[in-house]
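Reader: I am new to reading protein models. Could you walk me through this one, feature by feature?

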Amino acid sequence: MEKMILDQTDAVDWIYRGEGAANLVLAYTGSSPAFIGKVMRIPKSQRKGKTGVIGNGTLTMHERLLWGENKELTVSPKRETVQQLYVKHVMSPLLGPKHVDPGMRVLVTKDFLKSVEKNVTRYRPVWRVDSSEVNASRDSVLILSDHSIFPSGTRKGGSCLTVEIKPKCGFLPISRFIAEENAVKKTTTRFRMHQELKMHNQEISEYSEYNPLDLFSGSRDGVCKAIKALYATPQNNFRVFLNGSLVFGGLGGGTNSTSVLVGEAFEDAIKNVIQADESLCTTSFIQLVSETVYASGVLDRLLEVQKLDTCDIEGAIHAYYNIISQPCMVCRELSKDKSSHRYTSLHSIPLDESLKIVKDYLISATAKDCSLMISFRLKEDGDLLSGSSHNTVYLGSTNQVFEYKVFFIDLDLKPLKKMEDYYELDKKIVRCYSQKVKTELEADKAVTIDAYGSVLR
């Protein structure tokens, strides 16, 4: 924990960058050397009557049991400190220290947090403001490197172009614990099915063209197809920054499909970085991102961590009830025929096996929900022969060489209690998608053609 304390007068130097379900992200605009090139993550709390932002307070007794083998996580009673230790000691070794920044914690006053809340409210999406607010009860915040820019001290005048991608789950589950009536999970991506629920709940107005299996395919063509789809329908899965300022995508939430006007504005924004012919900057940009994702291999490692979930939530939920020593509510809901042959074995395994199943599931959940930040900086002719601590990628369409760096962000520790939420959400997603498929099939069957070519209903 850094000794400095941020007070009300410091709040003006921090501006809104974006937010997720649990945290606000602010960027530093002041002159203090300690914070130049940094961003701040501030925990949120749910407003009265709202749900969805959880994980405050301290580790529970069962969480201490769950993470008992990771001694570093249990040295602090505060969850926010445990979050940082989780990134450092669990996620960093799995994803590679080169691509993970655990950050540092800095003390703040209540007045600082209240001032931040007041300053950023007008920039937040209305639905975010309605559901959550800055958690003013916290006494510290997390300071991280701003991965949308290159570190200070680099060549002056060099623009930094940064892409933020939320990849989501990159594989289809094959767990034997998936019920027969939920077999669609083995053939349709979670992302696609969740789109249906979001559409039903009016959270989105159109379906995303993105398929995570393309991004994780390991092929150039597949990755390029995924990046094109993310650009066409970014929602909350794709954003672009130029020198730390957002130039494409939404701030605190999703955005609609890319219109001609948005496309033209983006083309104009990046033309000084991507030196392509007129109207071809975006095409070259997509090539640059695709080649970097493919060549870096970082998604291979992320996929390995996601695949720690070998039981699916339909299996892991039973191990969860073993850990909390309560009667399994899932088995109670299922008929004896459905539960006896498929899930009984899970309730007779040793405790350490239950702990491993749930721990691996929660680590996988972090990997499925994190984001990837890829930053590019052009290497000028005079820099091509000089050494660099960063990897480089060649963009053939413009004959340019870029340095790049890759970082994983939003590597949050998921609360143990959230296992119940994961199970309920899974049921909703599958039910909604299955109902949509059933409705479409019934509609197709209802339309027949008689011998004379007339449509009969």
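Author: Helices here are DSSP runs of H or I with at least four residues, strands are runs of E with at least two, and both are numbered from the N terminus. In this structure, α7 passes α9 in a right-handed crossing. Please keep in mind that this is a predicted model, where local features need pLDDT of at least 70, side-chain atom pairs count only at pLDDT 80 or more, and totals for chains, interfaces and linings use all residues. Residues are numbered from 1 along each chain as its sequence is written, and side-chain values use heavy atoms, with hydrogens and water left out.

Reader: At what angle do helix α7 and helix α9 pack?

Author: Two packed helices are described by the angle between their axes and the distance between the axes. The axes are lines fitted to C-alpha atoms, for helices over the stretch in contact, and angles run from 0 to 180 degrees between N-to-C directions. Helix α7 (residues 220-232) and helix α9 (residues 281-296) pack at about 130°, with axes 9 Å apart. Angles under 35 degrees count as roughly parallel, over 145 as roughly antiparallel, 65 to 115 as roughly perpendicular and the rest as oblique. Therefore α7 and α9 are oblique to each other. Contact means heavy atoms within 4.5 Å, and residues making it include Ile227 of α7 and Val289 of α9.

Reader: Which residues have the most contacts inside the largest nonpolar core?

Author: A nonpolar core is a set of buried Ala, Val, Leu, Ile, Met, Phe, Trp, Tyr and Cys residues joined through side-chain atoms within 4.5 Å. Buried means under 20% relative accessible area, exposed over 50%, and partly exposed in between, with a 1.4 Å probe and protein chains only. The largest core has 88 residues, and Ile165, Leu215, Phe238, Phe285 and Met419 have the most contacts inside it. Helix α14 (residues 351-369) gives the most to this core, with eight residues. Among the residues that Ile165 touches are Ile227, Val289 and Leu215.

Reader: Is Gln235 buried or exposed?

Author: Gln235 is buried, with a relative accessible area of 8%. Most residues other than glycine have a negative phi. Gln235, however, has a positive phi of about 45°, and its place is in the loop between α7 and β9 (238-242).

Reader: Where is Ser325 found?

Author: Ser325 is in the loop between α11 (312-323) and α12 (329-333). Its phi is also positive, near 55°, but Ser325 is exposed, with a relative accessible area of 64%.

Conventions:
Left-handed = near helix turned anticlockwise from the far one by under 90°. Lists of a residue's contacts leave out its neighbours within four places in sequence.
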